[in-house]
Amino acid sequence: MDTTTAPPDAKPGHENTNALPTVQAPPAKWRWLTAPFDKPAVRTGSIVLLAVLAVLFPVITGDQANIDAAGNAAAYAALALGLNIVVGFCGLLDLGYAAFFAIGAYAYGILTSWQITPDWSGFWVPFAALGLVQKVVQNDHALVHFTVSFWLMLPISGVISAFFGILFGAPTLRLRGDYLAIVTLGFGEIVPIVARNWTGLTNGAAGLNGIASPTLFSYKFGIDATPYYYVGIGVVAFLIFASTRLRESRIGRAWMAIRDDEIAAGAMGINLTRFKLLAFGLGAAFAGMAGTFYVAKLQTATPDMFGFPVSIMILVMVVLGGLGSVWGVVLGAVALQLLQSWFLGDLTQWVNAFGDSIHNNYLSSIDLTQASELIFGIILVIMMLYRREGLIPANRRQRALSFEQQHATVQTHVRAEDVTLSQIGGEGYIHEPGAVPMLEINDLTVRFGGLVALNKVNITVPAGSVVAVIGPNGSGKSTLFNTITGLVRAGEGSILFQGNEILGLRSDQILKTGIARTFQNIRLFTTLTVAENIMVGLHARLKAGPFSAVFRSPKKLTEEAAGRDWVIEIAKIFGNRLMPRLGQTVVGLSYANRRRVEISRALASKPKLLLLDEPTAGMNTSESLELAEQIKGLHALGLTVLIIEHKLDVVTRIADKVIVLDHGEKLTEGPADEVRKNEQVLEAYLGRGAAAHA
Ligand SMILES: Nc1ncnc2c1ncn2[C@@H]1O[C@H](COP(=O)(O)OP(=O)(O)OP(=O)(O)O)[C@@H](O)[C@H]1O
């Protein structure tokens with residue numbers, strides 16, 4: 001085995017400090033296919049070529065049926081891009097996605113067909129002036145005919161579907177995996193049932209007919225497939241653009257962080273509710289727009305067009321293309337849609353002809369277009385067996401380390417004085433002695449059923465100090481951290497941070513007050529790069545919303561650039577251990593480097609109080625002492641640190657005060673040297689007999 005590469009599940013303590021971990025090579029089997037696209041010029045060129053081909057396609061084919069099929073493929077590509085936000089980016093398995101497709105479709109259908117025609121009154125006059133309705137007279141009776149423009153309805157349908165996306169998403173937010181899938185499946189069933197039974201609004205199973213076709217500068221699209229095709233590719237181009245921009249923004253990082261590790265995402269300041277709802281809402285908005293486009297093209301809408309098989313088909317498109325991969329899902333959608341509309345028809349004719357030639361009635365009459373779901377199932381199985389990451393994987397390219405980087409001597413700051421950060425903690429960071437304690441915990445009690453994990457614990461962390469918490473396994477140290485950071489609810493007591501109660505706040509709110517943490521069992525975002533992981537730590541300090549993420553407002557660009565500088569500044573604390581790896585995904589890192597990334601991520605949030613849960617676990621002695629120096633350096637800059645640590649030489653080196661927990665109670669506290677000699681502490685750690693001999 002290559003000793004320089006620590007596998008993702010490497011056991012602590014076996015890192016070779018003199019060599020840097022090598023980069024995980026991408027699978028060679030597919031490298032020839034993707035390698036050319038590593039070059040930005042090739043990528044840009046391919047996109048331009050694709051755009052030119054897409055524009056020229058109707059001229060090249062000249063066949064209305066082909067153009068029509070390509071228009072349908074565009075609708076499905078829009079749907080796949082929307083579902084990709086929910087499932088691919090945010091990791092929320094939605095099996096009822098076609099519901100939002102239906103909502104967008106019916107919104108346009110109802111507002112442009114003759115389905116509802118209320119009596120005409122003065123109320124409708126302003127709407128008529130805006131061109132949204134027309135007065136029609138039937139049998140001497142004045143009625144309202146809705147004539148909302150397709151171009152207006154396209155964004156409005158997006159908004160309506162987004163509203164329902166948020167409405168449906170809200171109650172399901174606590175659920176994940178199978179449970180979320182089942183609930184969304186239910187929603188997906190409800191919408192077509194409502195459409196089937198609310199006959200007054202939807203015309204029931206017979207569906208809406210006579211849906212208006214779009215008009216552009218008095219040119220009526222009618223049944224000509226070509227204009228629909230161009231609208232379709234325009235919509236898809238915009239959605240590709242929006243998806244790509246979102247993925248590369250603060251919002252995309254937050255979604256992917258939630259997908260990779262929800263607990264860590266919350267602890268890094270991501271408001272889980274808001275970002276999951278945003279994913280649901282935006283995904284639904286894409287579906288709503290696709291629905292409007294689709295029924296405008298077909299000029300009819302029936303409940304059967306939006307059932308469960310459609311949701312599954314869109315999901316298969318996303319999986320086939322590559323979960324989280326923008327271009328992948330477009331390819332998946334186009335491939336499956338064309339397979340359905342072209343290939344299965346042709347295949348049916350070939351099989352029928354073959355059946356005729358061998359006089360086999362079964363083969364002569366088989367219709368493979370009816371077996372599309374079976375064929376989708378087979379495709380899924382094949383993908384799961386041979387290419388789980390999809391046709392165009394979303395996984396980032398690993399920037400390979402150069403030979404020099406691979407073999408460079410590790411240069412780290414081993415002296416506390418070398419740790420310099422320009423802005424850690426922000427304003428009011430250096431604390432006056434005697435000021436309000438940074439953290440004051442009073443009578444904190446935490447129970448897990450009958451087990452009392454913390455019992456009336458009182459702890460004070462003075463501002464600008466380093467306080468270590470030690471204690472045997474199961475003594476309640478991690479529970480203390482989890483309670484401070486809002487991951488575990490306390491039964492009684494209070495936790496004051498700079499004099500303000502934080503008990504009861506969510507973990508993201510606690511981060512925003514200025515408390516950041518690391519985890520005992522390293523919780524990094526495994527599909528993100530080192531730099532992106534650290535950037536997620538900065539999430540709460542950045543402001544960009546979806547609009548500025550998509551349109552890259554100057555403010556957003558400045559914010560991101562400053563964020564990237566900040567990431568580099570933090571990574572520099574660890575010398576060349578992290579710097580050459582900023583572009584690598586964290587799964588390829590050694591155990592010790594992953595700990596360093598986690599500390600960097602916490603520092604990125606500019607905390608006032610840093611909670612480190614066994615930061616040196618998995619590091620050898622020299623690395624542990626190196627980290628101790630780095631913590632001392634941060635402390636010298638004014639950072640207050642609360643650290644859980646088993647290695648007493650590290651504790652002695654950095655802690656102003658040591659708190660000992662045992663069986664959920666505070667045993668003692670004091671300077672490290674005193675605590676080390678305390679008999680109760682020796683007993684708790686070593687047992688009574690052993691303590692007597694110590
Ligand atoms: N979510 C939970 N549900 C039930 N019991 C829990 C939970 N979390 C912790 N405990 C229990 O609470 C007690 C304290 O656990 P905790 O993880 O805080 O100890 P610790 O001092 O951090 O131990 P270690 O050093 O082994 O991590 C243990 O008995 C543990 O089994």
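1. Start with the ligand: the residues of its shell divide into 3 nonpolar, 8 polar and 1 charged. In that tally Ala, Val, Leu, Ile, Met, Phe, Trp, Tyr, Cys and Pro count as nonpolar, Asp, Glu, Lys and Arg as charged, and the others, Gly among them, as polar.

2. A word on what you're looking at. This is a predicted model, where local features need pLDDT of at least 70 and side-chain atom pairs count only at pLDDT 80 or more, while totals for chains, interfaces and linings use all residues. Residues are numbered from 1 along each chain as its sequence is written.

3. Who sits around the ligand? You'll find Phe448, Leu451, Ala453, Gly471, Asn473, Gly474, Ser475, Gly476, Lys477, Ser478, Thr479 and Gln520. To be listed, a residue needs its C-beta atom, placed from the backbone, within 6 Å of the molecule. β8 (451–461) and α18 (477–484) each give at least two residues to this shell, and α18 has the largest share, with 3 residues.

4. Now the overall picture. The protein has 28 helices and 16 strands, taken as DSSP runs (helices H or I, at least four residues; strands E, at least two) and numbered from the N terminus. Of the 694 residues, 45% are buried, meaning that 20 or more other C-beta atoms, placed from the backbone, lie within 10 Å of the residue's own. As for contacts (C-beta atoms, placed from the backbone, within 7 Å), 75% of those between residues at least 6 apart in sequence join residues at least 24 apart.

5. Have a look at the open, mixed sheet of 6 strands, ordered β12-β13-β14-β9-β15-β16; strands pair here if DSSP finds at least two bridges between them. β12 (515–517) and β16 (665–670) are at the edges with a single partner strand each, so one side of each has no neighbour in the sheet. On average, neighbouring strands are turned by 20 degrees against each other, direction ignored.

6. Which helix packs on this sheet? It's α18, touching β9, β12, β13 (609–613), β14 (640–644) and β15, and its direction makes about 145 degrees with that of β13. Axes are lines fitted to C-alpha atoms, for helices over the stretch in contact, and angles run from 0 to 180 degrees between N-to-C directions.

7. With β9 (466–470) the pairing is parallel, over 4 bridges, and Ala468 stands opposite Val658 in β15. With β16 the run is antiparallel, joined by 5 bridges, and there Val658 has Gly670 as its bridge partner. The β15 and β16 hairpin has 2 residues between its strands, and His663 takes a positive phi near 50 degrees.

Terms used
A residue is buried if 20 or more other C-beta atoms lie within 10 Å of its own, exposed if 12 or fewer, and partly exposed in between; C-beta atoms are placed from the backbone. Two residues are in contact if their C-beta atoms, placed from the backbone, lie within 7 Å.
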